[in-house]
Amino acid sequence: MEQTQLDEYYMRLALEEAMKAARIDEVPIGAVLVYEGEVIAKAHNRREHDQHTFSHAECVVIREGNAHVGSWRLEECTLYVTLEPCPMCAGALLQAGCQGWYSVHGTQRPVLRVLSTIFLMMNGLIIGVK
Ligand SMILES: [Zn+2]
């Protein structure tokens with residue numbers, strides 16, 4: 001399968017996660033973490049359900065990804081997320097060294113989206129925008 005097809009497949013999985021969030025009245029955001037071509041974590045927003053500040057989809061997959069690879073470093077991982085990460089998640093992505101790939105179709109407030117995008121671009125974390 002070509003990389004473009006793989007990207008679409010992973011993004012489709014992230015969108016499925018976002019739909020799960022919508023069904024439980026969470027902000028509809030989904031994320032998938034890929035390591036060596038394998039999906040090692042997928043999650044949706046669970047902040048209301050968990051009543052936890054860090055339960056954004058991106059942070060959940062980062063946490064699960066850390067457990068999977070046995071390291072806080074995720075340089076070899078690619079994150080697929082249905083919209084631009086917020087500043088909190090962008091910081092976590094930077095700390096993990098994870099690459100980013102995300103959709104521009106989202107619900108995030110424009111100012112935060114622009115700041116997160118600039119932050120990710122400055123740190124070389126964006127590898128693609130769909
Ligand atoms: Zn976030």
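Residues are numbered from 1 along each chain as its sequence is written. Because the model is predicted, local features need pLDDT of at least 70 and side-chain atom pairs count only at pLDDT 80 or more, whereas totals for chains, interfaces and linings use all residues.

The protein chain contains five helices and five strands. Both are DSSP runs numbered from the N terminus, helices being H or I with at least four residues and strands E with at least two. From the N terminus on, the order of the elements is α-β-β-α-α-β-α-β-α-β. Of the 130 residues of the protein chain, 38% count as buried; a residue is buried if 20 or more other C-beta atoms lie within 10 Å of its own, exposed if 12 or fewer, and partly exposed in between, with C-beta atoms placed from the backbone. Among the contacts with a separation of 6 or more, 54% join residues 24 or more positions apart, two residues being in contact if their C-beta atoms, placed from the backbone, lie within 7 Å.

Strand β1 (30-35) is largely enclosed by the rest of the structure, because five of its six residues are buried. Strands β1 and β2 pair in the antiparallel sense over six bridges, where pairing requires that DSSP finds at least two bridges between two strands. Within this pair, tyrosine 35 has glutamate 38 of β2 as its bridge partner. The two strands form a hairpin with two residues between them, and glutamate 36 in the turn has a positive phi of about 50°. Strand β1 also pairs with β3, again in the antiparallel sense, over five bridges; here leucine 33 is partnered by leucine 79 of β3.

Helix α3 comprises 13 residues (residues 57-69). At 1.5 Å a residue, α3 should span 18 Å, and its end C-alpha atoms are 18 Å apart, which agrees; the expected span is 1.5 Å times one less than the number of residues. The buried residues of α3 are Ala57, Glu58, Cys59, Val60, Val61, Ile62 and Gly65. These buried positions pack against α1 (3-23), β1 (30-35), β2 (38-44), β3 (77-81) and α4 (87-96). Just after α3, glycine 70 takes a positive phi of about 70°.

Two packed helices are described by the angle between their axes and the distance between the axes. The axes of α3 and α4 come within 9 Å and cross at roughly 25°. Axes are lines fitted to C-alpha atoms, for helices over the stretch in contact, and angles run from 0 to 180 degrees between N-to-C directions. Helices α3 and α4 are therefore roughly parallel to each other, the term applying to angles under 35 degrees. The contact involves Glu58, Cys59 and Ile62 of α3 together with Cys89, Ala92, Leu93 and Ala96 of α4.

Aspartate 25 is exposed, with 9 other C-beta atoms within 10 Å.

Conventions. Angles under 35 degrees count as roughly parallel, over 145 as roughly antiparallel, 65 to 115 as roughly perpendicular and the rest as oblique.
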